[in-house]
Each structure stands twice: as structure tokens, then as C-alpha cells.
Amino acid sequence: MNFSATLLTCVISLSQLPLQLGAFSPYNNHPIIIADNHKYLGGKKVDIAFKPRVLQILFRPEASNDKPIYEIQLIGLGEPYTTTDPEARFTFLPGGNHQFKYRIFQNGIFSPWHTQEINIRRTINEMPWFYPALLIYLILVLGAITYFWIIYNLRQRLKFQTLRSKISANLHDETGSTLSSISLDLGTLESLLPGGNEKLLHLVSETRNTAEEAILKLRDTLWSIQPEHDDMLNLGGRIGQSAAKMFAFKKVQLEFSNELSEADNFQIAMERRGDILHIAKEALNNCLKHAGASKVQLRLAPIKNGIQMSIVDDGIGFNAMELQFAGNGLRYFQQRAKNSFLEVEVNSKLGEGTTVNVDIPKL
């Protein structure tokens, strides 16, 4: 072959090279981006000013005998994958800047990697400051709610305490004075009655005793509803005073031990104070009326998370199996204990006396 023929062959080959490269023109064509029917031409950064539900990326391959294969990756949201479909579809992409990488294999040759940047507008909940701001807002709202609830609760408690003080004063000034007057009048009437009328004297005496008992119960009620007595130290002192009055003119010896100190003190609601006082008086009354005891020990002592009231007598005792048939008084204070979240334990044996333990937990 001479030099002219060789040169002509080279020229023909070089002239066909662009035609061969033309088969790879999809490498240089930009894809079409469709976001909810809104079209964008790729090639440079595409800004989408809303949050699309569906994002499509369409390639535009040129005609060729060799069907192109696409290798695709959305950076940060998946691994690369290959497909022969000239369309990539993504749904509900998060807002922000996304990088879509792709390359095409056709006619036995891979194109270089191309990167298409797509910026999707973030919604407000995707902003970096949204959740810290939301947390601060919730803390402020909860703080405001807690503040107003505390203020409301304090005001209601103050109203309630004012009402209790008012009721206590009214009962003391009106009902208490009336009962005291009745008791005095009955005492005067008893002294003026002739000695021969025993039935009438007995009736007047019983009525006066009933009036005095009503006065004592009224005083206990007045003490229970006064706000300044809402703690265990005051309650312990009141139990001791009531016990001393009950045993003052009786042949039964009372030993009262109060081991409570300021460190053991805690607030206690009015209803619970009343129930505890009634339980103590009922148990002591049972010692006087039914136990046949010569000595009764009343003890208040601190225990873990509360206080224990213990009443022990050396009386005749009773069979523990008979508790279910006990009188109304015992069932009555057991019901009070249940209502006030107290733990009551009664231990007794015939001829060995009775022990009543009442645990008063902090609430």
C-alpha cells in the first residue's frame, strides 16, 4: 500500500470516529427532572421551591442497536443500582440538597460519572432549628401550666383553710356555747330537784352527761378542722390529751410515750387526722370497757416512711378467730383505717391481752 492509500484510510477512520462517539451522546445530554408534573432541565443545580410527592429523572438516550444500561445512586439515600429503564423515580424525598449520580453503559463503554444536584425546599419541620425551638416552646408551655396550676392550687387551699377556720369559729361560738349552756342548766336543774324523785334525777344526770359528751366530741371536731393542726406533732399531742381525759378517773393505769420529734413530723390531711384520732379513742375505749385491763400502754414512734401508733393492754384478750364477729366499734375503726390508707394490725390471745398497731405512712 502506498503512502496515499494509507493517508486516505486514516482520514476515513477519523471521519467515522465522531459517528461512533455520537452513539454515546446521552452521556452529554442532560436528564429531565419532573417534580409533581413540574419539569426542569438538568445539567446544573435544580431548585425545587416546594416539597414534591414524586420526583422523576428521565434520560434521553439516542437511537442505538445496543440498549443502554444505567447505573444510578442518590447519595445518602441508597446504594448504586443498575437498570435499563431510562427513568428513576423517588417518592417523598426529604428537603435539602441532594446529589444524583449516574453513568451509562452502552456499546461496551461506560460513560464517566455525572452528578445532578437537586435542591428541594425544606418544610418548617425540616429546619435545623425547628425541634430545639419546639422543645423550648413545650417547656415554656408546661412551665406556664405548672405555674398557674400551683397558683390555683395555693389559692384553693387558702380558701379552704379560711373556710375551715370560719366553720370552726362559728361552731365554737354558737354550737359550743349552746351545748355548754345546756350542760350548766342541767347541772343547776339537777341540784334543785327534790331528792325523792330518783328517776327524774337519773334522767337529768344522763342528759347532762350526754351534753358533756357532745361537747367533747365537738371540741375534737373543732380541733380536727383547724388548719394549724395539720401535722403529726399536733396530732400526737391531741391523742395524748384525749387519752389522759379518758383515763383521768378510771382505775386503769395509762402509760403514754410520745417519741416523735421535729425530724419525724409531716403534714397530714384533715380527714386523716380525724380518722386517726377516732381510731385511737375507739381502741382506748375498748381497753376501758371490754378488756378488763389494769394497765394500757399508748406509744407513738417513728418508723420507716411514717409513724406507728401502738396500744397495748394486759387485759383478758380474745380469740383472733372471733375478729370477724367483733363489735361495731372495731369494724368501725378498721373501716376508717382503710379510708385513710392506714395499716392496722390487731393481735390478741385469751388471757394475754391485746395489741393494736396502726401504721401511718406519709402520703
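Colleague: How many residues does helix 3 have, and what does it reach from its first C-alpha to its last?
Modeller: Keep in mind that this is a predicted model. Helix 3 covers residues 198–225, which is 28 residues. At 1.5 Å a residue you'd expect 40 Å, and helix 3 comes close to that, reaching 41 Å.

Colleague: Is Leu 201 buried or exposed?
Modeller: Leu 201 is found in helix 3. Buried means under 20% relative accessible area. The value for Leu 201 is 17%, so Leu 201 is buried.

Colleague: What separates the C-alpha atoms of Leu 201 and Ser 191?
Modeller: Let's take the chain before the space. Along the chain, Leu 201 and Ser 191 are 10 residues apart.

Colleague: Okay, on to how the helices pack. Are helix 3 and helix 4 roughly parallel or roughly antiparallel?
Modeller: The axes of helix 3 and helix 4 are 12 Å apart, and the packing angle is about 170°. Angles over 145 degrees count as roughly antiparallel. Helix 3 and helix 4 are therefore roughly antiparallel.

Colleague: Which residues make that contact of helix 3 with helix 4?
Modeller: By class, the contact divides into 2 nonpolar, 2 polar and 3 charged residues. On the helix 3 side you'll find Arg 219, Asp 220 and Trp 223. On the helix 4 side, the names are Asn 234, Leu 235, Arg 238 and Ser 242.

Colleague: Asn 234 is on that list. Does Asn 234 count as buried or partly exposed?
Modeller: Asn 234 is found in helix 4. Leaving aside its neighbours within four places in sequence, it's in contact with Trp 223, Glu 228 and His 229. The relative accessibility of Asn 234 is 30%, so Asn 234 counts as partly exposed.

Colleague: How many Å apart in space are Asn 234 and Asn 265, C-alpha to C-alpha?
Modeller: Start with the sequence again. Asn 234 and Asn 265 are 31 residues apart there. In space, C-alpha to C-alpha, the value is 9.2 Å.

Colleague: What about helix 4 and helix 5: roughly parallel or roughly perpendicular?
Modeller: Helix 4 is residues 232–246 and helix 5 is residues 270–289. Their axes come within 10 Å and cross at roughly 25°. That angle makes the two helices roughly parallel.

Colleague: Which residues of helix 4 make the contact with helix 5?
Modeller: Helix 4 passes helix 5 in a right-handed crossing. The helix 5 side of the contact includes Arg 273, Ile 276, Leu 277 and Ala 280. From helix 4 come Leu 235, Arg 238, Ile 239, Ser 242, Ala 243 and Met 246.

Colleague: And by class, how many nonpolar residues does the contact of helix 4 with helix 5 have?
Modeller: Let's go through the classes one by one. The contact has 3 charged and 2 polar residues. Its nonpolar residues number 9.

Colleague: Which residues in helix 5 does helix 3 meet?
Modeller: Helix 3 and helix 5 pack at about 145°, with their axes 9 Å apart, and the crossing is right-handed. From helix 3, the residues are Asp 220, Trp 223, Ser 224 and Ile 225. In helix 5 they meet Met 270, Arg 273, Gly 274, Leu 277 and Lys 281.

Colleague: How many residues of helix 5 are buried?
Modeller: Helix 5 has 20 residues and reaches 28 Å from its first C-alpha to its last. Helix 5 is mostly covered. The buried count is 14 of its 20 residues.

Colleague: Is Arg 336 buried or exposed?
Modeller: Arg 336 lies in helix 6, residues 328–339. Leaving aside its neighbours within four places in sequence, it's in contact with Gly 274, Asp 275, His 278 and Ile 279. Its relative accessibility is 16%, so Arg 336 counts as buried.

Colleague: Now for the loops. What is the phi of Phe 92?
Modeller: Phe 92 is found in the loop between strand 7 and strand 8. Most residues other than glycine have a negative phi. Phe 92 is not a glycine, yet its phi is positive, at about 50°.

Colleague: Last one: is Phe 341 buried or exposed?
Modeller: Phe 341 is found in the loop between helix 6 and strand 14. Its phi is positive too, near 60°. With a relative accessible area of 57%, Phe 341 is exposed.

Conventions: Residues are numbered from 1 along each chain as its sequence is written. This is a predicted model: local features need pLDDT of at least 70, side-chain atom pairs count only at pLDDT 80 or more; totals for chains, interfaces and linings use all residues. Side-chain values use heavy atoms; hydrogens and water are left out. Helices (H or I, at least four residues) and strands (E, at least two) are DSSP runs, numbered from the N terminus. The expected span of a helix is 1.5 Å times one less than its number of residues. Axes are lines fitted to C-alpha atoms, for helices over the stretch in contact, and angles run from 0 to 180 degrees between N-to-C directions. Angles under 35 degrees count as roughly parallel, over 145 as roughly antiparallel, 65 to 115 as roughly perpendicular and the rest as oblique. A crossing is left-handed if the near helix is turned anticlockwise from the far one by less than a right angle, and right-handed if clockwise. Contact means heavy atoms within 4.5 Å. Ala, Val, Leu, Ile, Met, Phe, Trp, Tyr, Cys and Pro count as nonpolar, Asp, Glu, Lys and Arg as charged, and the others, Gly among them, as polar. Buried means under 20% relative accessible area, exposed over 50%, partly exposed in between (1.4 Å probe, protein chains only).
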